[in-house]
Structure formats: C-alpha cells, structure tokens
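This report concerns charged and aromatic side-chain pairs in the structure shown below.

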Amino acid sequence: MAIEIEASILAADFARLGEQARQAEAAGVDALQVDVMDGRFVPNITFGAGVVRALRPLLALPLDVHLMIVEPERYLAEFAAAGADRLVVHQETCPHLHRVLQSIRELDVAVGVTLNPATPLSALEEVLEMVDLIQVMTVNPGFGGQAFIFSQLDKIRRLRRMLDDRGLAVPIAVDGGIDPETAPLVVAAGATVLVAGSSIYNQRASVVENVAALRASIQRPRATG
Ligand code: DX5
C-alpha cells in the first residue's frame with residue numbers, strides 16, 4: 001500500500017491559510033487535514049465548516065476533516081456540504097458510534113474514526129467493517145507540535161493485525177508528532193497515512209523541503225520501532 005502524507009493546517013499560518021494549503025498541494029502531499037476543535041472535547045478552538053468551504057475551491061486535494069468536537073453528528077452534513085471528502089470522528093465523542101458512521105456514509109463522504117492514546121482498540125471491534133480509515137492519535141489531541149507517544153507503536157501493530165485477521169484492507173492513519181524520525185517507525189508498524197503539521201509548517205525549512213524530508217524518511221529502510 002502506498003504511503004500517503006496529509007498536511008495538517010493546524011500548524012499553518014492562519015493569516016495565509018489558503019496560500020499555505022496550496023503550498024502543501026504543490027509540495028506533493030496527498031490530502032489536507034482540517035483539525036476542527038471546539039474547546040470542549042479538546043482544550044483549544046480552531047475553525048468550523050466555513051474554513052472548509054473557503055479552502056475547497058482553492059485545492060484539488062482531498063479535504064480530510066478531523067472532528068475534535070462533542071456531538072459531531074450535529075455537524076456532519078454541514079462539513080460534507082462545505083466540501084469535506086472524509087469525516088473523521090472520535091470514538092470518545094460518539095455514544096452511538098454505529099449510527100454516526102452510518103450517517104457519514106449516507107452523506108456520501110469517506111468514513112473515518114479515530115482513537116485517543118488511552119482508548120483501547122476494542123472500542124472499534126464492532127464497527128471495523130463500517131470505516132474507510134482508522135486514525136491512531138499519537139498525541140493527546142488539541143495542539144500541534146507535541147511529542148510523539150511511543151506506546152502507540154504497539155497499538156498500530158495490533159490494529160494492523162486485527163484488520164488483517166478480518167481481511168480488511170482499511171488504511172491506518174497516524175496523527176501527532178509525525179516527523180522524519182517517527183515516520184519510519186509508524187510505517188514499519190503498519191501505518192500508511194501520515195498526518196503531519198509542525199514537521200511540514202515551521203520556520204526551519206520550506207513546505208516543499210519539509211514534505212520532501214518526510215517522504216525521504218520513509219523511503220529509507222529503517223529498523224522497526
Ligand atoms: C492534534 C492535532 C495534531 C495535528 C498535527 O490535536 O490533530 O496532531 O493534526 O500536529 P503535529 O504534526 O504538529 O504534531
């Protein structure tokens with residue numbers, strides 16, 4: 001399975017969001033992740049469907065909307081109408097997860113679910129066949145630039161085994177602290193979608209250089225984590 005890189009605009013310059021999104025597209029990322037935060041599920045507030053609507057006409061990239069909000073079911077249709085190609089909900093915010101995933105499917109957008117670091121894989125056992133992607137959080141959600149949580153490497157490996165045992169080719173995404181050091185480790189563990197924010201948008205190098213460094217890091221054979 002090819003490895004995909006998603007640029008998280010959480011780390012971008014919000015005063016130049018459209019330009020920064022286009023820079024990521026020109027740098028060759030495979031999708032853009034829009035981190036939606038409500039200040040309740042996570043201790044930070046970012047943006048709503050209006051930003052997805054504004055970015056949509058600027059990009060050919062798939063827009064992946066990561067809903068770090070309570071009651072996401074209230075906003076699914078709005079984000080789909082704004083141009084989201086995939087909606088990723090947190091299992092922790094969905095007491096009726098099966099129904100929420102059905103609702104996303106009915107909106108004709110891709111279905112994603114994500115787990116916080118402390119949430120066990122067993123929370124997804126009954127819905128593995130309903131999703132197009134499972135995102136393993138490798139930081140506690142809310143902020144970019146946090147340290148990678150290495151204990152999640154084993155979780156990624158166990159999830160890949162769980163999916164393989166059921167013959168499910170569901171891609172595993174990882175989100176949080178993904179950079180040229182951690183990217184090879186998560187790929188070796190079974191991740192094929194890398195969500196990266198601060199390793200793409202930073203003062204150290206350009207977006208093009210940072211995306212290239214991320215790509216190069218997963219080309220080289222490395223020891224597993
Ligand atoms: C966490 C966010 C971040 C973001 C990427 O709430 O979801 O993980 O996408 O952040 P970095 O790549 O800067 O850790």
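**Salt-bridge network**

Glu 6, Asp 64 and Arg 86 are joined in a network of salt bridges. The model is a predicted one, and the count of salt bridges in it comes to eleven.

**Individual salt bridges**

Asp 30 and Arg 215 meet through their side chains in a salt bridge, at 2.8 Å from N to O. Asp 30 belongs to the loop between α1 and β2, whereas Arg 215 belongs to helix α7 (residues 207-217), so this pair ties together parts 185 residues apart in sequence. Asp 30 is partly exposed, at 28% relative accessible area, and Arg 215 is partly exposed at 22%.

A salt bridge of 2.7 Å, N to O, is formed by the side chains of Asp 85 and Arg 56. This pair links distant parts of the chain, 29 residues apart: Asp 85 is in the loop between α3 (76-82) and β4 (86-90), and Arg 56 is in the loop between α2 and β3 (63-68). Asp 85 is partly exposed, with a relative accessible area of 34%; Arg 56 is also partly exposed, at 21%.

**Aromatic pairs**

The count of aromatic pairs is two. In one, the ring centres of Phe 14 and Phe 47 are 5.3 Å apart and the planes stand at 55°, so the pair is tilted. Phe 14 lies in the loop between β1 (4-8) and α1 (17-26), and Phe 47 in the loop between β2 (31-37) and α2 (49-55), so the pair ties together parts 33 residues apart in sequence. Phe 14 is partly exposed at 43% relative accessibility, whereas Phe 47 is buried at 9%.

The rings of Phe 148 and Phe 150 have centres 4.8 Å apart and planes at 80°, so this pair is edge-to-face. Phe 148 is buried, at 10% relative accessibility, while Phe 150 is exposed, at 51%.

How values were computed: Residues are numbered from 1 along each chain as its sequence is written. This is a predicted model: local features need pLDDT of at least 70, side-chain atom pairs count only at pLDDT 80 or more; totals for chains, interfaces and linings use all residues. Side-chain values use heavy atoms; hydrogens and water are left out. Rings of Phe, Tyr and Trp (its six-membered ring) pair if their centres lie within 6.5 Å; planes under 30 degrees apart count as stacked, over 60 as edge-to-face and the rest as tilted. Helices (H or I, at least four residues) and strands (E, at least two) are DSSP runs, numbered from the N terminus. Buried means under 20% relative accessible area, exposed over 50%, partly exposed in between (1.4 Å probe, protein chains only). A salt bridge is a side-chain nitrogen of Lys or Arg within 4 Å of a carboxyl oxygen of Asp or Glu.
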